[in-house]
Amino acid sequence: GLKEVADAVASATTAVWHLQRVVIKKKDPLTHVCFIDVLVPSDHALLCQQFWESVMRTLSEAFTAVTRPSAKAGFVRDALVGGYPKLSLILETMFDRLSTETTMKGVQPAVGPHELQLLLASTGPIQATFLAGCLNRMSEAVVAAFPGGARSLPTFTEVQKCIGIIHEELKAGATSPQLSALVASTAGKALALLCEKAEYMSASGPDSRSPPAAPAPATPAQARNMALCSQLQEVHRSLGSLLPRLPLGGAAALALSLDTLQATAVETVAPLFRSMMELLEGKVLEMHALNYGAEDSAGVVLTSAYVAEAAAIMAHFRAEYLSKFVPVPSPTVASCAGALVERMAARALVFFVRHASLVRPLGQAGRLQLAKDLGEMQLAVGTSLFPLEQLGQPYRVVKAFRSLLFADTAAIPSAGFMRELPSSIVAHHLFSRLPPRFQAPHERSGLNPSQYSLWLDSHTQEEAVRGLQAALDTALPQGSGEVSEATVQAMQVITLVCEQAAM
């Protein structure tokens, strides 16, 4: 059988390798010419390599002959193609054993990477036919489940059947490292087809981008895209569970394809999440229409209307949209939708802090109101979108900003919360402690808070800090008259924060 052939090739190669070792060491006692120099001219390969190449040519010719159309060879061809994973395992196991047994210190082994490639190439026609069959089976499964166009989305059973066929092909190819990588790459082609079909099946147009405002439910287009995203998530999750069980080459090839699949799943619902984020940001921007300059804190009782409305929007989004995903986005279960929700939650908090830092004038009552609004925003985000403790840095920024609001100006540079806050947030807030004639960067540039926020999104922290320092430097000549001690202190801290950020 095939195993006996492999053993015979290994045995013969080992014998040639031993012969090669001997003739490399032996010399003619009279002429002192090395035997190997007589047997092998200097421009020829060594004995072992010549023998291996000859055997591989013979194997290649035999496998090629089997794949030619012939009634006699049909059974053999079908058996070899169907059992190619076993054939590949036999050959690679033989090669590994041969490499191990002929590896000695100071001696070139019988085989190396070049010989492995020759061995695999010898089965080329069988391998190509096997991989073509794999691709055909997986592609048929994909098309059966995801036919493309405006047809109905596949049922749970149809999706599971598609996943099961791809599973079987990947498991069959996992018998050897080399074949696993080839089958995983072939599965990648089937997954690329799935992504293409999914793009055709996703709904587009205004309905898919409708802002998810209460009390309106999800549109049919949004419901379709959420269901499609859930199905793609399931394919990604199920195939991803195979990664630890595949050889490294196969796992790496499959992971790349799964990344593309995940990107497609995200793109199906990206318009919905973008419209939701724009709606939330629009609500947060309403803080700039309020007066936070009051000093009397007696009237700080209620949450600002814009925060209450933002909380209602998030609660509606959870009830009418996020609940439609399978599984429902949660930090305990990794999913594409879950990653989008986490990103949205982080953005909502950071966006609120950014604009809270731009508010001026800011009196004692304004600080209390901002702190109350920030607390309500935290509660809404944690309840409706994502647990705050698991957001990491964005949550720490929120807590640090609350401390910054009530910190004494002189104590800010050495405060512990400075480790969590971006320098631009601190410097922007400190401008609220300066007189109106000291214009903030966006005021100096004639930008409204929304425009300035877009500018901050597209520029680095360093660029933002340089703009803050430039705004302060520009205002200094105008404010060179008498200034209060508090103003001088705030200016000094802004300069210090900017200098530290530039280091």
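Accessible areas here come from the Shrake-Rupley method with a 1.4 Å probe, and for residues only the protein chains shown count as cover. On that basis the protein exposes about 24,100 Å², of which carbon and sulfur atoms supply 59%. This is a predicted model, in which local features need pLDDT of at least 70 and side-chain atom pairs count only at pLDDT 80 or more, whereas totals for chains, interfaces and linings use all residues. Residues are numbered from 1 along each chain as its sequence is written, and side-chain values use heavy atoms, with hydrogens and water left out.

The protein has 20 helices and zero strands, where helices (H or I, at least four residues) and strands (E, at least two) are DSSP runs numbered from the N terminus. Its radius of gyration, taken over C-alpha atoms, is 34 Å, well over the 23 Å that the globule rule (2.2 Å times the number of residues to the power 0.38) gives for 503 residues, so the protein is more spread out than a compact globule.

A search of the whole structure finds seven aromatic pairs; rings of Phe, Tyr and Trp (its six-membered ring) pair if their centres lie within 6.5 Å, and planes under 30 degrees apart count as stacked, over 60 as edge-to-face and the rest as tilted. One of them joins Phe273 and Phe317 edge-to-face, at 5.6 Å centre to centre and 90° between the planes. Because Phe273 lies in helix α11 (residues 248-285) and Phe317 in helix α12 (residues 305-320), this pair ties together parts that are 44 residues apart in sequence. Phe273, Phe317, Tyr321 and Phe325 form one aromatic cluster.
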